[in-house]
Amino acid sequence: VRQLIEDDLVPDDVTIQVLTQAREHLIETTCRSLVGAKRALIHMYNSTSELQRRVVFRTGKPEVKDLAVRGTAWVRAYSEKYLKGTNILYEYSPESFMGTELDFAVDVCEAVIAEWKPRKGEKVIINLPNTVEMSTPNIYADQIEWFCRHFKSRDKAIISLHAHNDRG
């Protein structure tokens with residue numbers, strides 16, 4: 001990313017996209033890597049699935065939601081610190097969406113939107129990843145439909161999908 005920016009290899013109509021976990025030092029490093037970019041999309045994620053909360057992180061819903069909100073605040077703070085003059089777009093993924101209780105996925109994404117506070121004309125990209133396919137595509141489609149029907153901040157978001165084909 002630094003070489004692309006420093007060597008002026010990014011055309012004016014291209015947006016650089018970077019992906020970072022919701023970890024403060026990674027978010028800061030990611031924002032610093034974009035210094036000088038005209039336009040950038042910062043995509044942050046954290047796992048929200050029941051299995052990862054219970055087995056990997058040994059934590060509950062409040063802590064996972066708090067991490068998403070804190071991560072969003074770090075993205076805003078570090079992008080404002082390092083990226084003055086850069087048009088910043090923001091994307092959030094509740095990683096392992098397919099394994100996350102739908103009401104909890106909506107709750108976390110609502111909290112992220114509330115923390116980001118999209119400016120007039122700005123929308124947050126909410127990416128609903130099917131990173132590890134846990135059921136058939138029609139179930140994933142039903143989850144997306146349910147999410148969109150219950151997501152109150154729909155007017156402040158662009159819904160994006162990240163689907164794998166792990167099950168053929």
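This briefing covers strand pairing, a loop residue, salt bridges and a nonpolar patch.

The model is predicted, so local features need pLDDT of at least 70 and side-chain atom pairs count only at pLDDT 80 or more, while totals for chains, interfaces and linings use all residues. Residues are numbered from 1 along each chain as its sequence is written, and side-chain values use heavy atoms, with hydrogens and water left out. Helices (H or I, at least four residues) and strands (E, at least two) are DSSP runs, numbered from the N terminus.

**Strands**

- Strand E2, residues 39–47, has seven of its nine residues buried, where buried means under 20% relative accessible area, exposed means over 50%, and partly exposed lies in between (1.4 Å probe, protein chains only).
- E2 pairs in the parallel sense with strand E1 (residues 16–21) over six bridges, and with strand E3 (residues 87–95) in the parallel sense over nine bridges; two strands pair if DSSP finds at least two bridges between them.
- Glutamine 21 has tyrosine 45 in E2 as its bridge partner, and arginine 39 stands opposite asparagine 87 in E3.
- A right-handed β-α-β unit is made by E1, helix H2 (residues 24–33) and E2, right-handed meaning that, with the strands pointing away from the viewer, the path from the first strand over the helix to the second runs clockwise.

**Valine 10**

- Valine 10 is found in the loop between helix H1 (2–6) and E1, and, not counting residues up to four places away in sequence, touches Leu4, Ile5 and Ile16, contact being heavy atoms within 4.5 Å.

**Salt bridges**

- The structure holds eight salt bridges, each a side-chain nitrogen of Lys or Arg within 4 Å of a carboxyl oxygen of Asp or Glu.
- One of them joins aspartate 12 and lysine 38 (3.3 Å, N to O), linking the loop between H1 and E1 to the loop between H2 and E2, 26 residues apart.
- Arginine 53 forms a salt bridge with glutamate 101, with the closest N and O atoms 2.8 Å apart; arginine 53 is buried at a relative accessible area of 6%, whereas glutamate 101 is partly exposed at 26%.
- Arginine 70 and aspartate 66, whose closest N and O atoms are 2.7 Å apart, both lie in helix H4, four residues apart, about one turn of the helix.

**Nonpolar patch**

- Leu51, Val55, Val56 and Phe57 make a nonpolar surface patch of about 380 Å².
- Patches are made of residues with over 30% relative accessible area and no salt bridge, with like charges joined within 9 Å and nonpolar side chains (Val, Leu, Ile, Met, Phe, Trp, Tyr) within 5 Å.

Notes: Accessible areas come from the Shrake-Rupley method with a 1.4 Å probe; for residues, only the protein chains shown count as cover.
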